[in-house]
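Here is a short briefing for someone opening this structure for the first time. Keep the sequence and the 3D view side by side as you read.

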Amino acid sequence: MSLDKFTSSVTTGYTFNGKYITLGTSVFEKSAVKNLQVKVPLTSINRHGLIAGATGTGKTKSLQNFAESLSENGISVLMMDIKGDLSGIAKQGTENPKIAERHQLIGSEWKASSFPTELLTISNETGVRMRATVSEFGPVLFSKILELNDNQAGVVAIVFKYADEKQLPILDIKDFRKILQHLSNEGKAEIKDNYGAISPATANVILRKLIELETQGAEVFFGETSFEVEDLVRKDSTGKGYINILRLVDVQDKPKLFSTFMLCLLAEVYQKFPEVGDKAEPKLVIFIDEAHLIFNEASKELLNQLETIIKLIRSKGVGIYFCTQQPTDIPDAVLGQLGLKIQHALRAFTAKDRKAIKLVAENYPESEFYKVDELITELGIGEAFVTVLNEKGIPTPLVHTLMCAPRSRMDVLSPEEQKELIANSRLADIYNKEVDRESAYEMLNKKIESATINKEIEETAPAKKASTKAEPSFIEQASKNAIVKSVVKEVTRGLFGMLFGKRR
């Protein structure tokens, strides 16, 4: 196979008019070709993408380098850090002869750099707290999260409608639970005419679903102060976009919470971000590491909602990139929306693995220069197959690529460094304050308590009145006792004798 023909194919496929990001340099017959760069135009980054590969093949470092390049171009980033190994992006990397040699081949300068970083959390990890109120979800989305049927979703709609009409804020799960319990018990007569009765069986099913969500840590996520998604799109004084790292180390075994958060976040971004069109440079790029955690436990309704948002959100200037081990971890409907693909090595230890690799190879454009299903198992660390969309939305040739190395620290921040980062965060001052204002839970408790007291007063008042009328006088009581009656008689005679003279 001719090197000239290969060079011509790559040069033609990866030459763009506007701004671009360099991903690495081309590899031909297992040797890197100097300065034959593989790039991605900024205008196609909101067409979403996939970074895949087996453990230890370098996909996290590719993700890290990609995020650094976006930040340099003034594009903000949100990274889901499941394994806890991305926080080092806030500190400079360390020079290394192997890195210098790699970048000489690539033809791009490597300089140790740090990037503006925010640590975020939806759990008990160190970071700026990202919360949302139940009201912000709305009845439809909240029902999908709880995986309710149409009848049960109708009850959720009643709860939200009642809360709106009675001005009862639903901030967290205990607020929603309190209203549901109220309407299915002492408040059922109040809503019967306007909304219809709520079946105790239906209410109990919803309550059990709430408990399931709470066991995944949702009580930490739901509440105030609610996070404003506009704060994800910030730049520092030098014009670099902020890299927001959402620490999810303790959420690996809570996929329901993770998928709930992701759906809420994407829905709010879509709702609040202005329309910018398909061809504009993105304002925000979201990287979802260990993406299978979203899809493995998601219901059909949740998947449909995610698919719809992913299709539409690119017009808001948002790109979404899924990082996982196998492309097959991503549903076909979503995988078909991903324009940029970075495929690191896969390992074939069994016959099943080899069949899976052949299926993976079919996800990429055909290449006359590579046997993809064979070479994919032979890629070295920091090497990947790459294809992107050009400025016209056409897939570029598949290229075996020697990837750029990150310029920031390829390790985690220490606990002390994390605390220092949070201490200097402007967002932490806003969102880490505990807020528990009066909401539906407190308001309904007061209402029920007041109604109980009034009922007790009404029930006891007539009894006291009757008791007062029936109570005998002192003389009546005394007359029931013969001894006292005699004493009273003599005293009475004495008194009357003193008043009217001597006795006859």
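Asn 35 sits in strand 2. Its phi is near 65 degrees, a positive value in a residue other than glycine. The model is predicted.

**Backbone**

- Most residues other than glycine have a negative phi, and most peptide bonds are trans.
- Glu 29 is not a glycine, yet has a positive phi of about 50 degrees.
- Glu 29 belongs to the loop between strand 1 and strand 2. With a relative accessible area of 56%, Glu 29 is exposed.
- The peptide bond from Glu 224 to Thr 225 is cis, and its omega is near 5 degrees.
- Thr 225 is part of the loop between helix 9 (218-221) and strand 7 (243-247).

**Overall make-up**

- The chain contains 20 helices and 12 strands.
- It has 504 residues, and 50% of them count as buried.
- Take the contacts between residues at least 6 apart in sequence: 77% of them join residues at least 24 apart.

**The nonpolar core**

- The largest nonpolar core has 132 residues. Met 80, Phe 176, Phe 287 and Phe 322 have the most contacts inside this core.
- Helix 10 (residues 255-272) gives the most to this core, with nine residues.

**Aromatic rings**

- A pair of aromatic rings is described by the distance of the centres and the angle of the planes.
- The count comes to 18 aromatic pairs.
- Phe 6 and Phe 369 form an edge-to-face pair, because their planes are at 80 degrees, with the ring centres 5.2 Å apart. The cut-off for edge-to-face is over 60 degrees.
- Phe 6 lies in helix 1 (residues 3-13). Phe 369 lies in the loop between helix 14 (351-361) and helix 15 (372-375). The pair therefore ties together parts that are 363 residues apart in sequence.
- Phe 6 is buried, at 1% relative accessibility. Phe 369 is buried too, with a relative accessible area of 17%.
- Phe 160 and Phe 176 make a tilted pair, 6.1 Å centre to centre and with 50 degrees between the planes.
- Phe 160 is in helix 5 (residues 150-165) and Phe 176 in helix 6 (residues 173-183), so this pair ties together parts 16 residues apart in sequence. Both Phe 160 and Phe 176 are buried.
- Phe 160 and Phe 176 also belong to one aromatic cluster, together with Phe 137, Phe 142, Phe 221, Phe 222 and Phe 261.

**Charges over rings**

- Lys 240 lies over the face of Phe 115, at 4.8 Å from the ring centre.
- Lys 316 has its charged end over the ring of Tyr 270, 4.8 Å from the centre.

**Helix 3**

- Which residues of helix 3 (residues 97-106) are buried? They are Ile 99, Arg 102, His 103 and Ile 106.
- Seen down the helix axis, these buried residues fall within an arc of 95 degrees, so they line one face of helix 3.
- An α-helix has 3.6 residues a turn, so residues three or four places apart point the same way.
- The face turned away from the buried side carries the exposed residues Pro 97, Glu 101 and Gln 104.
- Strand 1 (20-28), strand 2 (31-41) and strand 12 (399-403) are among what covers the buried residues of helix 3.
- Asn 96 caps the N-terminal end of helix 3. One of its side-chain oxygens lies 2.8 Å from the backbone nitrogen of Lys 98.
- Just after helix 3 comes Gly 107, with a positive phi of about 85 degrees.

**Two single residues**

- His 400 is in strand 12. His 400 is buried, at 3% relative accessibility.
- Residues up to four places away aside, His 400 touches Thr 25, Ser 26 and Val 27, among others. Its contacts also include Tyr 370, Glu 383 and Phe 385.
- Pro 200 is in helix 8 (residues 200-215). Pro 200 is exposed, with a relative accessible area of 55%.
- The C-alpha atoms of Pro 200 and Ser 184 are 6.2 Å apart in space, and the two residues are 16 apart in sequence.

Technical notes:
Residues are numbered from 1 along each chain as its sequence is written. This is a predicted model: local features need pLDDT of at least 70, side-chain atom pairs count only at pLDDT 80 or more; totals for chains, interfaces and linings use all residues. Side-chain values use heavy atoms; hydrogens and water are left out. Rings of Phe, Tyr and Trp (its six-membered ring) pair if their centres lie within 6.5 Å; planes under 30 degrees apart count as stacked, over 60 as edge-to-face and the rest as tilted. Helices (H or I, at least four residues) and strands (E, at least two) are DSSP runs, numbered from the N terminus. Buried means under 20% relative accessible area, exposed over 50%, partly exposed in between (1.4 Å probe, protein chains only). A charge sits over a ring if NZ of Lys or CZ of Arg is within 6 Å of the ring centre and within 35 degrees of the ring normal. A nonpolar core is a set of buried Ala, Val, Leu, Ile, Met, Phe, Trp, Tyr and Cys residues joined through side-chain atoms within 4.5 Å. The arc is that of the directions from the helix axis to the C-beta atoms. Contact means heavy atoms within 4.5 Å. A polar contact is a pair of N or O atoms within 3.5 Å; within protein, one must be able to donate a hydrogen and the other to accept it, and residues adjacent in sequence count only if both atoms are side-chain atoms.
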